[in-house]
Structures are given as structure tokens and as C-alpha cells.
Amino acid sequence: MLNMIVCVSGGGTNLQAILDALDNGTITNARIQAVISNNAGAYALKRAEEHGIPGVCISPKQFKDRDSFNQAFLDQVNSFHPDLIVLAGFLVVLPKQMIEEYRNRIINVHPSLIPSFCGTGFYGLKVHEGALERGVKVTGATVHFVDEGTDTGPILLQQPVMVETGDTPKELQQRVMEQAEWKILPQAIDLIANDKVKVVDGKAIVMGE
């Protein structure tokens, strides 16, 4: 059984996609031990509570400096002994020590086809604004392992989404979530939970492909 924690900063729609996939059997051999948020008002914590999952708020604002927060955050994560850490819209830079300790055991979902529209400054609606400003015809979402860079870790899954004429950033954001993020994030977790993924030479390989 794969034990995971999900880290979320906001409403938790990707968390809901994971919960739904666990409930309907799309994700097998896995369970969520806890949901961690840096935002006490995050609706994601309510979603966790409704599913009987412990919800924890730990914010940099609660600590005198970043090092204190980083240590407390790592201690909180370690207390659950997770096999996998899922970043589902988590707008906090992870401590380097956490990335080292959980190498190839942290995944993130990003709302573009990496390496396009990713890296520092590209998050939330800014990603979709960038795609529309550039005039791309296809965008999408990526699930990748987390390393020390920003959106630079091994790519696990990608799903393309067509850009439609007249799209607003919000409309495109919604379509990317519905057609890509909410599908490939649960799919990635299921693959990892069933030992179908390995990372070799900085590349994620899905067994059987």
C-alpha cells in the first residue's frame, strides 16, 4: 500500500480528483495519510476533513525565519513516513533537504506541456496567460518528479489540450484541469503505487510502454 501526503495551497480541485479516483478504483494500492496546506483557509483542508483525512496547516508566516519553517515542515512530513509526496497546487518552495530525502518520491502537476510556460513566475493563471499571449494552438499539463529546479525534474506524464479561438485564461485553465490535470495526476499516482515507474538517468520510464 502506497502511503502519500498531498500538499495544497488553495481549493484543492486536484486533491478532489485524487479522492474521486481513490473512491472509484482508478487509483489502486494507495491511500492519503494527510493533507498539508500553507493556508489555514484552504478549501482543500475541508475536502480532507470530509474524507476523514487529517489536515495540517503549516505556513512560513508562523515562523521567525525560513530555516525554522523548513525544518518544521520537514518534521511534519517525516512524521507521516510517506512513500510519496504529491504537490497539487502547492505554492511553497520545498526545502532542499526534503528533495534530497525524498528523491524521486515527490511529484508535481503543472498546467502546461513542460518545458513550455514553466519555471519561476509561471503558476496559476499566469501559465495560461503566457500560452494565450504566445498564440500556441496546443497546451496541456505535465506530471513530473520534483528536483532542485523549478519544473525541471523528470517528466512522468503529459496530456495535450487544444486551445480554442477566443479562450480567456480562466476558460483555458478550466479546460486544462478537466481534460488533463485531473486525469494524469491520478494516473501517475496509480502507476507509482503499482511499481510501474522508475527513474533512470534523469528520465522517468513507465513500465510496459
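Begin by selecting helix H1 (13-24), helix H4 (96-101), strand S5 (106-110), strand S6 (138-145) and helix H6 (169-193), each of which supplies at least two residues of the lining of the largest pocket. Helices (H or I, at least four residues) and strands (E, at least two) are DSSP runs, numbered from the N terminus. A pocket is an open set of points on a 1 Å grid over the protein atoms alone, where a 1.4 Å probe fits, with protein on both sides within 12 Å along at least five of seven lines; lining residues have an atom within 4 Å of a point.

The model is predicted: local features need pLDDT of at least 70 and side-chain atom pairs count only at pLDDT 80 or more, whereas totals for chains, interfaces and linings use all residues. Residues are numbered from 1 along each chain as its sequence is written, and side-chain values use heavy atoms, with hydrogens and water left out.

**The largest pocket**

Next, select Gly89, Phe90, Leu91, Asn108 and Tyr123, which lie nearest the centre of the largest pocket among its 41 lining residues. This pocket holds about 1000 Å³ of space, a volume being the space filled by probe spheres set on grid points joined across faces, edges and corners. Colouring by class gives 16 nonpolar, 20 polar and five charged lining residues. Here Ala, Val, Leu, Ile, Met, Phe, Trp, Tyr, Cys and Pro count as nonpolar, Asp, Glu, Lys and Arg as charged, and the others, Gly among them, as polar.

**The second largest pocket**

The second largest pocket holds about 200 Å³. Select Leu2, Asn104, Ile192, Asp195 and Val197, the closest to its centre of 15 lining residues. H6 and strand S8 (197-200) each give two or more residues to this lining, and S8 provides the largest share, three residues. By class, the lining has eight nonpolar, two polar and five charged residues.

**The sheet and its helices**

Now display the seven strands of the open, mixed sheet, in the order S3-S2-S1-S4-S5-S6-S7; two strands pair if DSSP finds at least two bridges between them. Strand S3 (55-57) and strand S7 (155-162) are at the edges with a single partner strand each, so one side of each has no neighbour in the sheet. Strand S4 (residues 84-87) runs parallel to S5, joined by three bridges; select leucine 87 to find asparagine 108 of S5 opposite.

Finally, return to H1, which packs on the sheet and touches strand S1 (2-8), strand S2 (30-37), S4 and S5, contact meaning heavy atoms within 4.5 Å.

Conventions: Axes fitted to C-alpha atoms, helices over the stretch in contact; angles between N-to-C directions.
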